[in-house]
Amino acid sequence: MSRQTGLDESTGDFVLFFDCDDLLSGNTSLKDMISEVEADTTNSHDVYQFFPVYQTPNGQFLKLPETNIWLYAKIYRKSFLASHDIRFTPDILYSEDVYFNMITYNSGASVAVVDKTPYIQAQNTKSITRSNGQAYNYT
């Protein structure tokens, strides 16, 4: 429930969920990602989806499709989440991010795809999900 706590305690207009083993690529900063959001003069999108890059256990980088269903590489408009009471469900122990996004998209979120690859999703082979025999292999 740390993600929900972060969402509850956040004070800005947007929220980004960032896993502790993931990285920003090159000289990219969170400021750069926010700049992309602020460049949207229509101010009409609820989710900004960046193209994530996946780092394989052997260090290879793969560009993933922008249509991923996980939390990473997305910036959410906090007011949209609040107005639709979108929250993490404590009963869901695995893939809670998939459920969160299904609810977000089903609530009519407008999604802007940003053709940038600032986010590197690293595979932690010792994570709880993978240690329970549920490894995801992108290669």
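A residue counts as buried when its relative accessible area is under 20%, as exposed when that area is over 50%, and as partly exposed in between. Val111, at 33% relative accessibility, is therefore partly exposed. The structure to which this residue belongs is a predicted model, and the paragraphs below lead from the chain as a whole to individual residues.

The chain has 139 residues, of which 38% count as buried. Its secondary structure consists of five helices and six strands, and along the sequence these elements follow the pattern α-β-β-α-β-β-β-α-α-β-α. Of the contacts between residues at least 6 apart in sequence, 72% join residues at least 24 apart. The chain exposes about 8,000 Å², and 51% of this area is supplied by carbon and sulfur atoms.

The confidence of the prediction may be considered next. The average pLDDT of the chain is 83, and 86% of the residues score at least 70. Among the elements of the chain, helix H3 has the highest mean pLDDT, at 97, whereas helix H5, residues 128–131, has the lowest, at 57.

Helix H1, which spans residues 2–9, contains Gln4. Is Gln4 buried or exposed? Its relative accessible area is 3%, and Gln4 is therefore buried. The side chain of Gln4 has polar partners. It is joined to the side chain of Asp8 by a polar contact of 2.7 Å. A polar atom of the Gln4 side chain also lies 2.7 Å from the backbone nitrogen of Phe88. When neighbours within four places in sequence are left aside, Gln4 is in contact with Arg87 and Phe88.

Strand E6 covers residues 111–122 and includes Val111, the residue with which this account began. Together with Tyr105 and Val113, Val111 forms a nonpolar patch on the surface, and the three residues have about 220 Å² of accessible area together. Thr117 is also found in strand E6. At 30% relative accessibility, Thr117 lies between the limits of 20% and 50%, so it counts as partly exposed. Which residues does Thr117 touch, not counting those up to four places away in sequence? They are Ser25, Phe51, Val53 and Lys63. Thr117 and Gly26 are 91 residues apart in sequence, yet their C-alpha atoms are 9.8 Å apart in space.

Most residues other than glycine have a negative phi. Asn43, however, has a positive phi, near 50 degrees.

Where does Asp85 lie? Its place is in the loop between helix H3, residues 78–83, and helix H4, residues 96–106. Phi of Asp85 is likewise positive, near 50 degrees, in a residue other than glycine. The relative accessibility of Asp85 is 59%, so this residue too counts as exposed.

Definitions and conventions:
Residues numbered from 1 in each chain as written. Predicted model: local features only at pLDDT ≥ 70, side-chain atom pairs only at ≥ 80, totals over all residues. Heavy atoms only, no water. Helix = DSSP H or I, 4+ residues; strand = E, 2+ residues; numbered from the N terminus. Buried < 20%, exposed > 50% of the residue type's maximum accessible area, 1.4 Å probe, protein only. Polar contact = N/O pair within 3.5 Å; in protein donor to acceptor, adjacent residues only side chain to side chain. Contact = heavy atoms within 4.5 Å. Patch = residues over 30% accessible without salt bridge, like charges linked within 9 Å, V, L, I, M, F, W, Y side chains within 5 Å. Areas by Shrake-Rupley, 256 points an atom, 1.4 Å probe, with all protein chains shown as cover. Salt bridge = Lys/Arg side-chain N within 4 Å of Asp/Glu carboxyl O. pLDDT = per-residue confidence, 0-100.
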